[in-house]
Amino acid sequence: MKEFIINKNDDGQRVDKFLTKAVKKLPQSLMYKYIRTKRIKLNDKKCDISTRIHEGDSLKLYINDEFFATEPSEKDFLCVPTKLDILYEDENIILIDKKCGIVVHEDDENTVDTLINRIKHYLYDKGEYNPDKENSFTPSLCNRLDRNTGGIVVAAKNAESLRIMNQKIKDREIKKEYLCITINPPPKAKDTATAYLRKDENKKQVYIYDKKSPDTKTIVTKYETLEKSGKLTLVKVDLITGRTHQIRAHMAHMGAPLLGDGKYGINSVNREYNVKTQALYAYKLTFDFTTDSGCLSYLDGKSFEAENIWFLKEFFGK
C-alpha cells in the first residue's frame with residue numbers, strides 16, 4: 001500500500017490527473033480499474049476519476065509495489081550547471097535571460113543540460129525544490145524558445161503560479177516583444193501582417209502561404225522597422241499569434257529573412273557576415289493583466305528587458 005498526503009502543489013487536481021503524474025508507471029487502463037474496484041481510495045472512501053483532491057487529503061493505493069519504482073533519471077538535473085542569467089525572481093516565478101545554444105527541454109538527442117534542469121538544480125540548492133517531497137509538481141517553464149533563439153523565459157516555482165501564468169499567456173495578458181535583424185527591409189516600415197502556416201513535423205519546418213487552406217493555421221505578426229545598416233535592418237516584432245518558427249518563416253516569406261537563419265534565410269549572406277545562428281531575441285516581457293491574477297497580481301504593469309543582446313552591438317553599435 002502506498003499513501004499520498006496531498007500538498008499545496010497538488011490541490012485542486014482531479015484524481016486521475018494527479019495519479020498520471022504521481023505514478024507514471026501505472027497504465028491508465030489499470031488506474032481506472034483500480035479506482036472502480038476501490039483499490040484506490042480518497043480519505044478511505046471510494047472516489048471517481050473526476051473527484052477533486054485537496055491539501056491534507058489522503059490518497060491510498062492498494063496496488064503492486066512495482067508501479068512505485070523510482071525512476072533513475074528523477075535527479076539527473078543535479079549533474080548540470082546552475083549558471084543562469086536571472087532577470088527577476090520571487091517566491092512564485094523566475095525570469096531567465098536564455099542565451100543562444102541552450103535547449104529549454106530535453107530534445108530528441110536526450111540533452112540533459114537544459115534550461116529547465118538548470119533551474120531545478122538552482123532551486124534544489126536553494127532549498128526551494130526537492131522531488132522527494134513533491135507528489136506531482138515540478139518547476140516548469142511557461143514559455144519556450146528555440147535552441148538558437150535567445151530571450152526571456154518564465155518559469156513557475158509552484159502549481160498555482162504555473163496555472164495562472166499559462167492562462168495569462170493563453171489570454172495574451174503577457175506581452176512578449178522581439179528584436180531581430182533581417183536581410184533586406186520588410187515590405188513596409190510598420191505593419192500587422194497576416195498569413196497562413198503549415199507545419200511539417202517530419203522535416204521540423206513550417207511553410208507560409210498567403211491563402212488559407214484546411215491544413216494551415218492563421219498567423220499574425222506585428223512589426224516595426226527601427227534602423228537600417230547596409231543590407232541589414234533592425235526590426236521589432238510583437239507576435240499576435242505564437243506559432244512554431246513564426247517570426248523566422250513569416251519574415252522570410254515577406255522577403256526579409258533573418259540574418260543567421262540557416263533554415264529560412266540566405267546562407268550566402270550569413271557566411272558574408274559570419275553569423276551561424278538567427279539574429280532573434282525575445283528581449284522584452286510585460287505583464288498586462290485584465291482579469292484576476294490571484295497570487296501573481298503584484299506583477300501587473302511590470303516590464304522586464306534583457307540586456308547585452310549579442311547582435312545589437314556587433315551590427316548596430318548598441
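**Exercise 1. Classify the lining of the largest pocket as nonpolar, polar and charged.**

Solution. The lining residues divide into twelve nonpolar, eleven polar and 20 charged. The model is predicted. Next, take the volume: about 1,600 Å³ for this largest pocket. Then look at its centre. Of the 43 lining residues, the closest to the centre are Arg144, Leu145, Asp146, Thr244 and His245. Last, assign elements. At least two lining residues come from each of α4, β9, β10, β13 and α5.

**Exercise 2. Decide whether His245 is buried or exposed, and list its contacts.**

Solution. Start with location. His245 sits in the loop between β13 (232-239) and α5 (246-253). Now apply the cut-off: buried means under 20% relative accessible area. His245 has 15%, so His245 is buried. Find a side-chain partner next. The side chains of His245 and Tyr264 are joined by a polar contact of 2.8 Å. Finish with the neighbours. Leaving aside residues up to four places away in sequence, His245 touches Asp146, Lys204, Val206, His250, Lys263 and Tyr264.

**Exercise 3. Work out how many residues of α5 are buried, and what they pack against.**

Solution. Count first. Six of the eight residues of α5 are buried, which leaves the helix mostly covered. Name them: Gln246, Ile247, Arg248, Ala249, His250 and Met251. Now find their packing partners. The buried residues of α5 pack against β9, β10 (190-200), β11 (205-209), β12 (217-229), β13 and β14. Then step past the helix end. Just after α5, Gly255 adopts a positive phi of about 90°.

**Exercise 4. Identify the residues with the most contacts inside the largest nonpolar core, and the elements that supply it.**

Solution. The largest nonpolar core has 35 residues. Inside it, Met165, Ile181, Phe287 and Phe311 have the most contacts. At least two core residues come from each of β6 (93-98), β8 (150-156), α4 (159-170), β9 (174-183), β13, β14 (280-287) and α7 (310-316).

**Exercise 5. List which residues Phe287 touches, not counting residues up to four places away in sequence.**

Technical notes: Residues are numbered from 1 along each chain as its sequence is written. This is a predicted model: local features need pLDDT of at least 70, side-chain atom pairs count only at pLDDT 80 or more; totals for chains, interfaces and linings use all residues. Side-chain values use heavy atoms; hydrogens and water are left out. Helices (H or I, at least four residues) and strands (E, at least two) are DSSP runs, numbered from the N terminus. Buried means under 20% relative accessible area, exposed over 50%, partly exposed in between (1.4 Å probe, protein chains only). A polar contact is a pair of N or O atoms within 3.5 Å; within protein, one must be able to donate a hydrogen and the other to accept it, and residues adjacent in sequence count only if both atoms are side-chain atoms. Contact means heavy atoms within 4.5 Å. A nonpolar core is a set of buried Ala, Val, Leu, Ile, Met, Phe, Trp, Tyr and Cys residues joined through side-chain atoms within 4.5 Å. On a 1 Å grid over the protein atoms alone, a cavity is a set of points where a 1.4 Å probe fits but cannot get out, and a pocket is an open set with protein on both sides within 12 Å along at least five of seven lines; lining residues have an atom within 4 Å of a point. Grid points are joined across faces, edges and corners, and a volume is the space filled by probe spheres set on the points. Ala, Val, Leu, Ile, Met, Phe, Trp, Tyr, Cys and Pro count as nonpolar, Asp, Glu, Lys and Arg as charged, and the others, Gly among them, as polar.
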